[in-house]
Amino acid sequence: MNRRITCAVLALLMALPWASAEARKRILAAPETGQTFDVAATGRVEVAFSPNEGSQALVLKVIDSAKAELLVMSYSFTSAPVVEALLKAKKRGVDVHLVADQKNNTSEDRSGKARAALSALVNAGVDVRTISVYPIHHDKVIIADRETVEMGSYNYSDAAAHKNSENVLVNWRNPELAKVYMKHFERNYRQARSYAQN
């Protein structure tokens, strides 16, 4: 093992009810590299907040701006406006890929909204994958055309738009930042599986 784990931390990790034995094994086996990325501040930054303070509109603006490619990572994925925007993007020829948290959007989706959203995208030819190798896939990121990155606390859900305190930050036209986020997307994409509709 490349890092020290105290007995207390190890005991806590083993006691976590949401972490499967496989997930705990992967977490313990993964070396901590401490790697950070120094990216130049370029482009333009735009921010918005929730509830009802522009977050959803800014997310939709990023999706609507895409001309060639959208890479999306999500935890909660139930927003009808986001699904509609992604479907419109696909229809206009944008290559759309989504990696979503498996548990939150399938086995724990009591309302059926997440499964319906994922199925609508799959039926339209969107590449949808779910990921379960982490206790929570908590990423909320959109990379548009390999140059613009949307990030923040904002889940792609109605609650994020209209109930929760959330934030969205978009760095427009920063290809170096997009490249770093694309590496993160590619890692998670490789660890995910194609979404199988029920």
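**Reading burial, pairing and packing**

A: Asp109 has 8% relative accessibility, so the residue counts as buried. The cut-offs are under 20% relative accessible area for buried, over 50% for exposed and partly exposed in between (1.4 Å probe, protein chains only). Note that this is a predicted model, where local features need pLDDT of at least 70, side-chain atom pairs count only at pLDDT 80 or more, and totals for chains, interfaces and linings use all residues. Residues are numbered from 1 along each chain as its sequence is written, and side-chain values use heavy atoms, with hydrogens and water left out.

Q: Which side chain meets Asp109 in a salt bridge?

A: Side chains of opposite charge can pair when their charged atoms come close. The test is a side-chain nitrogen of Lys or Arg within 4 Å of a carboxyl oxygen of Asp or Glu. Here the partner of Asp109 is Arg115, at 3.4 Å from N to O. Arg115 has a relative accessible area of 24% and is therefore partly exposed.

Q: How many salt bridges does this rule give?

A: Six. One of them joins Glu46 and Lys61, at 3.1 Å from N to O. Glu46 sits in strand 1 and Lys61 in helix 3 (residues 55-65), so the pair ties parts 15 residues apart in sequence. Lys61 is partly exposed, because its relative accessibility is 38%. Another pairs Arg146 with Glu69, with the closest N and O atoms 2.9 Å apart. That pair links distant parts of the chain, 77 residues apart: Arg146 is in the loop between strand 5 (141-144) and strand 6 (148-152), and Glu69 is in strand 2. Arg146 is partly exposed at 48%, whereas Glu69 is buried at 12%.

Q: How many helices and strands does the protein chain have?

A: Eight helices and eight strands. Helices (H or I, at least four residues) and strands (E, at least two) are DSSP runs, numbered from the N terminus.

Q: Is strand 3 enclosed or open?

A: Largely enclosed by the rest of the structure, because six of its seven residues (95-101) are buried. Two strands pair if DSSP finds at least two bridges between them. Strand 2 (residues 69-74) runs parallel to strand 3 over six bridges, with Ser74 bridged to Ala100. The β-α-β crossover from strand 2 through helix 4 (residues 80-91) to strand 3 is right-handed. That means a clockwise path from the first strand over the helix to the second, with the strands pointing away from the viewer. Strand 3 also pairs in the parallel sense with strand 4 (residues 127-131), over five bridges. There, Asp101 is bridged to Ile131.

Q: What does Phe185 touch?

A: Contact means heavy atoms within 4.5 Å. Leaving aside residues up to four places away in sequence, Phe185 touches Leu71, Val72, Met73, His97, Val99 and Ile143. Phe185 belongs to helix 8 (residues 175-191). Its relative accessibility is 4%, so Phe185 counts as buried. His97 is 88 residues away along the chain, yet the two C-alpha atoms are separated by 9.8 Å.
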